[in-house]
Every structure is written in structure tokens, then in C-alpha cells.
Amino acid sequence: GEQPFANLIREQFVNQVATKPLDERHPNEGRKALLFSDGRQKAARLARDLPREVERDSLREALIAALKELSEIGKDAVPDETLYAAFVLVCARHHLHFFDGHDQRALLEDCQRLQKDYDLDLMFALEDGWKATPPTRFRQALLRQISDPYYSLVAACAVVVQPRRSKLKLLERRVTAVPAETLSEITEAWIREMLYQDAFDPSLSLTSRYQEFPFFEPVRAEDGLNTFFAKIAKRAQLDTATMDQLRRELFDVFTRTAVNTDDSGRLLTGDSLTIKTAIDDIWWQCLFCGSVQSRPFLGSCAECGQKELEPRPPDHPYMRARKDFFREPLRAVLKGQRPVHITAEEHTAQLSQRDAGVVYATTEEFELRFQDVPLGKDKPAVDVLSCTTTMEVGIDIGSLSAVGLRTVPPLREH
């Protein structure tokens with residue numbers, strides 16, 4: 001895939017010396033790169049995949065910055081319009097242009113609205129009831145960042161997803177046979193299990209969910225997670241009637257069906273959860289299965305049930321070796337470093353045709369954006385041009401300090 005090459009380009013890009021002041025016209029302070037691929041299809045694929053690969057890392061950083069913004073104004077990080085509003089603030093403040101197509105235009109419009117109406121005052125916007133609708137790509141990215149078992153904020157031990165306090169109180173009033181502390185631990189474990197199944201956000205269509213997680217399977221309230229509930233009944237020593245009631249109430253309080261006609265089963269709602277930054281918290285590791293968790297579940301490992309757990313503070317050798325590759329950039333952002341995102345476009349002969357009534361051909365437009373020429377608020381600067389090795393002579397691409405070669409050309413004349 002493009003991930004290793006994307007990481008190299010991102011490091012090359014970030015380590016360039018800034019040549020322009022940071023503003024909307026120069027979101028990456030004039031840093032540019034020109035990439036060559038052997039063939040038009042490879043160049044087009046790289047232009048599409050490079051920003052998306054970089055986006056997974058930079059969006060993770062933007063989300064952690066959004067959590068910090070909400071914490072500073074005393075608001076819970078509820079993963080709905082509230083978290084998206086904080087995300088828009090981070091994007092507007094740092095001139096980040098995530099996504100592409102319609103989703104990018106929607107994000108840029110929300111950034112402009114927050115700037116124009118509220119002067120980037122998040123507290124004022126939330127108290128005024130401003131609720132921008134998160135675009136589909138944001139919903140997909142958020143789902144990945146709280147449910148992916150390998151590359152998410154949760155997997156990096158940077159955040160924990162918890163039940164919202166009001167929803168937990170409602171559950172306690174309904175299920176009186178289970179002690180409050182035990183009920184809280186069971187709820188957190190159940191939410192974690194639902195996220196493992198990618199069962200979050202009823203507003204996300206089944207097609208969009210499959211794009212992120214092709215092996216998604218719906219979770220039903222009647223018979224979903226049977227193995228999990230059997231394990232809970234045994235470890236918490238709950239009888240069948242209490243367990244059946246707990247299952248019904250968990251799905252009723254915290255989940256809904258999809259808002260459209262998709263058969264997605266029951267899905268956790270954003271307004272029933274909160275996300276808490278836990279990058280500097282003490283985590284716990286099971287010595288038997290190796291699982292790392294935010295806290296023991298009913299006095300033992302949440303995965304295997306063994307009681308051999310050891311604390312893992314942030315400076316523990318295991319955490320530094322296995323988690324700091326993802327956590328160190330997040331710490332840098334929490335300390336004030338700016339998240340970086342890259343906008344890339346294809347530059348090949350197939351895009352050089354100009355239709356009647358069109359001012360610029362597609363390649364000409366990308367060249368102007370590569371030179372930071374303003375063409376409108378919905379057309380941000382291009383940071384990377386992905387070209388073939390037969391790039392036309394005479395094209396003005398402005399100043400340039402970085403060049404990359406994606407593949408080795410087959411012949412010398414290429």
C-alpha cells in the first residue's frame with residue numbers, strides 16, 4: 001500500500017523550512033513537494049491515497065486537540081455535534097483542509113461560519129446552540145479513531161470511551177438489582193465490546209461503514225454479543241432474569257437503529273458517550289494475555305479474566321516501546337504544536353483538456369493552487385503534485401525544495 005511511502009513524504013514535508021507566513025493562503029507555510037510515479041494510474045492512485053494516509057495521523061492529532069479545547073471550557077467531549085464543533089475550531093485555527101470533494105467543502109463552510117458568526121469562540125457557539133452537521137468522512141474517521149483495534153486513539157492508549165453520566169444514571173434507575181459500581185464497569189466493558197464490533201453512529205450509512213470496515217456485522221439486541229453476556233453473568237454472578245433485563249436496558253438506553261433503512265442492527269449513539277483524554281493516565285496490563293486496559297474489570301482482566309494485572313505508567317518501557325510512536329505526536333499537539341495535513345492532486349496529461357467555457361484546465365488549476373494562487377475559498381492550496389515521470393516541460397510550478405520518486409522507472413528513458 002501507500003502507507004510507508006506516505007509516512008516518508010510526511011516527514012520530508014514537515015522537516016522542510018517554512019518559506020511563507022502561516023495563514024489561509026499558506027496553510028503549510030509554503031512547504032511543497034513534487035512526486036513522480038511510473039505511470040498515470042499510479043500517479044492518480046498516489047494523489048488519492050497520500051492525503052488519506054496522512055489524514056489518519058493528522059486527524060488523530062486534530063481530534064486530540066479538539067478534546068483539549070472542550071476540556072478547557074469545561075464541556076464533556078460528546079462524540080456528536082459537540083465534538084465536531086471543537087474539531088471545526090481546530091481546523092479553522094490551524095488552516096487544516098481535511099477530506100475531499102463535498103465533505104471538504106462542507107468542512108470549509110463550517111470553518112468560515114464559525115469564524116464569521118462566533119469569531120472562533122467555541123463556548124459562545126455552543127451556548128448559542130450552533131450545531132453543524134458532521135460530514136460523512138468525519139463520521140467515518142471518528143468511528144475508526146474509537147474502534148479500530150490497531151490505529152485508533154483507543155488502541156494508542158490515548159483516550160477512553162465512557163458512558164455519559166446522565167445515561168448511566170438512567171440505567172441505574174432501571175436496573176436496581178446490580179450495584180452502581182458493578183453496573184458502571186459492566187457498561188464500560190459493553191461499550192468497548194460494541195466499539196470492537198464497529199457498532200457506533202446511527203447516522204452513518206451501511207455503505208459508508210463498509211468502506212471503513214468491510215467485515216462489519218450488525219449487532220442485534222435480542223441475540224447480539226451472547227458470548228460477552230455469558231461471561232458477564234458468570235463473573236458478576238448475575239441470575240438469568242437480571243442478565244436479560246440488563247441486556248434489554250443497555251441496548252435501549254445507549255443504542256438506536258440506523259436513521260435510514262439500512263439493516264445495521266443496534267448502534268451506539270454519540271450523545272450517550274463521552275471521550276476522555278487518558279494519554280498520561282496509568283493503564284493496566286494483564287501478565288497472562290498481554291491485554292492493556294484503562295482499568296481492571298471486576299478486579300481482573302477484561303479479556304481473559306485473570307487477576308495478574310500490573311500498572312503501566314506513561315514512562316513504562318512497554319508503553320514507550322509499543323505506544324509512543326502514536327502517542328508522542330499527540331503529546332506534542334497537546335503542548336501546542338500545530339497538526340499538519342497535506343493536500344495532494346494529480347498532474348498528468350489526461351487532465352490537461354479544457355472544455356468550452358472553462359477558464360482553466362484541471363492541470364492548470366492545480367498548478368496555480370500549487371503556487372498558492374487564491375482561486376476561491378473552496379479551493380485550498382495544493383501542497384503535493386503527483387506526476388508521471390514524463391511531466392511536460394515548461395510548466396511553472398514555482399519554488400520547490402522536495403522531490404520524491406514513488407517507483408523505479410523500468411527503462412532509462414523514463
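This tour moves through a predicted model, from the whole chain to single residues that can be selected one after another.

The model is predicted, with local features requiring pLDDT of at least 70 and side-chain atom pairs counted only at pLDDT 80 or more, while totals for chains, interfaces and linings use all residues. Residues are numbered from 1 along each chain as its sequence is written, and side-chain values use heavy atoms, with hydrogens and water left out.

**The whole chain**

Begin with the protein chain in cartoon view, where there are 14 helices and 11 strands; helices (H or I, at least four residues) and strands (E, at least two) are DSSP runs numbered from the N terminus. The radius of gyration, taken over C-alpha atoms, is compared with a globule rule of 2.2 Å times the number of residues to the power 0.38. For this chain the radius is 24 Å, close to the 22 Å that the rule gives for 414 residues, so the chain is as compact as a globular protein of that length. Along its principal axes, the C-alpha trace spans about 80 × 50 × 40 Å.

Colouring by accessibility shows that 52% of the 414 residues count as buried, where buried means under 20% relative accessible area, exposed over 50% and partly exposed in between (1.4 Å probe, protein chains only). Among contacts (heavy atoms within 4.5 Å) with a separation of 6 or more, 70% join residues 24 or more positions apart.

**The nonpolar cores**

A nonpolar core is a set of buried Ala, Val, Leu, Ile, Met, Phe, Trp, Tyr and Cys residues joined through side-chain atoms within 4.5 Å. In the largest one, which has 84 residues, select Phe-87, Phe-98, Leu-107, Trp-190 and Leu-268, which touch the most other members. Helix H3 (residues 81–94) gives this core its largest share, 10 residues. A second, separate core of 14 residues includes Phe-13, Leu-50, Ile-342 and Ala-402.

Now centre the view on Trp-190: leaving aside neighbours within four places in sequence, Trp-190 is in contact with Leu-225, Phe-228, Phe-229, Leu-250, Phe-251, Phe-254, Thr-255 and Leu-268.

**Aromatic pairs and charges over rings**

The whole structure holds 16 aromatic pairs, a pair being rings of Phe, Tyr and Trp (its six-membered ring) with centres within 6.5 Å, called stacked if the planes are under 30 degrees apart, edge-to-face if over 60 and tilted for the rest. Select Phe-229 and Phe-251, whose ring centres are 6.4 Å apart with planes at 45°, so the pair is tilted. Because Phe-229 lies in helix H10 (residues 226–236) and Phe-251 in helix H11 (residues 240–254), the pair ties together parts that are 22 residues apart in sequence. Both partners are buried, Phe-229 with a relative accessible area of 3% and Phe-251 with 2%.

For a cluster, select Tyr-84, Phe-87, Phe-98, Phe-99 and Phe-138, which are linked by ring pairs.

A charge sits over a ring if NZ of Lys or CZ of Arg is within 6 Å of the ring centre and within 35 degrees of the ring normal. Lys-32 places its charged end over the ring of Phe-370, 5.4 Å from the centre, and Arg-209 lies over the face of Phe-216, at 5.3 Å from the ring centre.

After H14 comes Asp-372, whose phi is positive, near 65°.

In helix H13 (residues 324–334), select the buried residues Asp-324, Phe-326, Arg-327, Leu-330, Arg-331 and Val-333, which pack against helix H2 (40–72) and helix H12 (317–322). H13 is followed by Gly-336, with a positive phi near 120°.

**Loop residues**

Most residues other than glycine have a negative phi. Cys-157, not a glycine, has a positive phi of about 55°; this residue is in the loop between helix H6 (136–147) and strand S2 (159–163) and is buried, at 2% relative accessible area. Leu-298 also has a positive phi of about 55°, in the loop between strand S7 (292–293) and strand S8 (309–312), but is partly exposed at 24%.

Finish at Ser-264, in the loop between strand S3 (255–257) and strand S4 (266–268), where its relative accessible area of 0% makes it buried. Beyond neighbours within four places in sequence, Ser-264 is in contact with Leu-206, Phe-216, Pro-218, Val-219 and Ala-258.
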